[in-house]
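User: I would like to learn how to read a few features of a model. Please take them one at a time.

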Amino acid sequence: MLIAFRFLQGLGACASMVTPRAVVRDLHTGTEAARLMSMLILVYSVSPILAPLVGSFVAEAASWRAVFWVIGALAVLAMAMVAAMLPETRPPAARAQSSLRGAMASYGVLLRDRNFLAVAFMASLTLSGFFVYVANSSFVMSTHYGISPRMYAALFALNAVSMIAASQFNGWLAARFGIRRVLRTAVIAHAAVTGLLLVLTLAGVDRLGVLVGLLMAVYGLNGVIVPSAFVVAMEGHAARAGTASALLGTLNFAGGAVMVALVSPFANGTPLPMVAGIACCSAIVLVLAMRALRLAHATAPVSA
C-alpha cells in the first residue's frame with residue numbers, strides 16, 4: 001500500500017514540476033523568462049537540501065508516519081495557494097483546442113523538432129551529471145576520503161549553494177549578453193572544468209579539496225545552463241508550453257536514470273568512475289551545443 005500510494009503521490013507531484021515552467025512560458029519570453037526559470041531552479045535546488053533536514057526533525061519529534069501528515073498538510077496548503085494566487089495563464093482560445101489527441105500531436109511536433117531535442121538533451125545531460133554525483137558521491141566521500149556524514153552533508157550543500165548563487169545571475173547575464181551566448185559560454189566552461197577534473201583524476205591527483213572545488217564550479221555552471229536551456233528549448237512552442245515542459249521533465253529524469261545505470265557497474269568507491277561519468281555528460285552537452293547553438297545565433301539575444 002505504501003508503494004502504491006507513493007506512486008499516486010508521484011503522479012500528482014509531476015504537476016508541480018511541469019506546470020510552473022509552462023506558466024513562465026505563457027507569460028514571459030527572453031531575459032525575463034530566463035530570470036524566472038532561474039528562480040524555479042532556486043526553489044528546486046533548495047527543496048532537496050531542506051527536505052531531509054525537516055523530515056528528520058519531524059520523525060524524531062513524532063514518528064515516520066508523521067512525515068506523511070506533514071506532506072499532506074503541505075499539499076492542502078499548495079492547493080489553497082494555487083486557488084487564491086495563481087490565475088489561469090493559458091489563453092481561452094488555446095484551452096478550447098486542448099485535448100488528449102492534441103497533446104499527442106504536440107508530442108509528435110516536439111519529437112520532430114531537432115533543435116528542441118538538442119537543447120532539451122543539453123539540459124537533461126547537464127542534470128544527469130548531477131544525478132551521477134548524487135548516486136556516487138556518498139560512497140566516494142565516506143569510503144575513499146573517510147569523511148563523516150555531517151561533513152558530507154555540508155559538502156553536498158556547497159554544490160547546491162553554488163548552483164543557486166549562479167542561477168540568480170542568469171537573468172542579468174541573459175539581458176547583458178543574450179541568452180544563447182550565455183548558454184554557449186556556460187556549456188564550454190562546463191566542459192573545460194569537467195575535462196580538467198578528469199585529467200587531474202587520471203593523473204593521480206587525489207585531493208578532496210580539488211574535487212570539491214572543481215565540482216562547485218561545475219554545478220554553479222549547471223545553474224546557468226539548465227534554466228537557459230529550458231527557455232531556448234521552449235522558445236518556438238508557446239502553443240504547446242505544457243507539453244514541452246512535460247517532455248523536458250521526462251527527459252531530465254530519464255537521462256539521469258540512464259547515466260546512473262551506466263556508471264554504476266564501474267563504481268568502486270574511488271572518484272574516477274563518478275568523475276568520468278560527469279565528464280562524459282558534459283562532453284555530449286558540448287557536442288549538442290555546437291549543433292543547436294550555431295555561431296550565427298550566439299550573438300542574437302532572445303527578445304524580452
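Predicted model: local features only at pLDDT ≥ 70, side-chain atom pairs only at ≥ 80, totals over all residues.

Analyst: At 22% relative accessibility, Glu235 counts as partly exposed.

User: Which side chain does Glu235 meet in a salt bridge?

Analyst: Side chains of opposite charge can pair when their charged atoms come close. In this model Glu235 forms a salt bridge with Arg180, with 2.5 Å from N to O. The count of salt bridges comes to one.

User: Where in the chain do Arg180 and Glu235 lie?

Analyst: Arg180 belongs to helix α9 (residues 179-202), while Glu235 sits in the loop between α10 (208-234) and α11 (241-263). The two are 55 residues apart, and the pair links distant parts of the chain.

User: Is Arg180 buried or exposed?

Analyst: Arg180 has a relative accessible area of 17%. Buried means under 20%, so Arg180 is buried.

User: Next, the helix pairs. At what angle do the axes of α1 and α11 cross?

Analyst: The axes of α1 (residues 2-27) and α11 cross at roughly 135 degrees and come within 8 Å. Angles over 145 degrees would count as roughly antiparallel and those from 65 to 115 as roughly perpendicular, so α1 and α11 are oblique to each other. Their crossing is right-handed.

User: Which residues make the contact?

Analyst: From α1 come Met17, Val18, Arg21, Ala22, Arg25 and Asp26. From α11 come Ala241, Gly242, Ser245, Ala246, Leu248, Gly249 and Phe253. By class, the contact of α1 with α11 has seven nonpolar, three polar and three charged residues.

User: How do α5 and α11 cross?

Analyst: The axes of α5 (residues 100-112) and α11 come within 10 Å, at an angle of roughly 60 degrees. That makes α5 and α11 oblique to each other, and α5 passes α11 in a right-handed crossing. On the α5 side, Ala103, Ser106, Tyr107, Leu110 and Leu111 take part; they meet Thr243, Ala244, Ala246 and Leu247 of α11. The residues of this contact divide into seven nonpolar, two polar and no charged.

User: Last, a single residue. What is Leu125 in contact with, beyond its neighbours within four places in sequence?

Analyst: Leu125 lies in helix α6 (residues 114-144) and, at 11% relative accessibility, counts as buried. Leaving aside neighbours within four places in sequence, Leu125 is in contact with Met259, Cys281, Ile284, Val285 and Leu288. Leu125 and Leu288 are 163 residues apart along the chain, with 10 Å between their C-alpha atoms.

Note on methods
Residues numbered from 1 in each chain as written. Heavy atoms only, no water. Salt bridge = Lys/Arg side-chain N within 4 Å of Asp/Glu carboxyl O. Helix = DSSP H or I, 4+ residues; strand = E, 2+ residues; numbered from the N terminus. Buried < 20%, exposed > 50% of the residue type's maximum accessible area, 1.4 Å probe, protein only. Axes fitted to C-alpha atoms, helices over the stretch in contact; angles between N-to-C directions. Parallel < 35°, antiparallel > 145°, perpendicular 65-115°, else oblique. Left-handed = near helix turned anticlockwise from the far one by under 90°. Contact = heavy atoms within 4.5 Å. Nonpolar A, V, L, I, M, F, W, Y, C, P; charged D, E, K, R; others polar.
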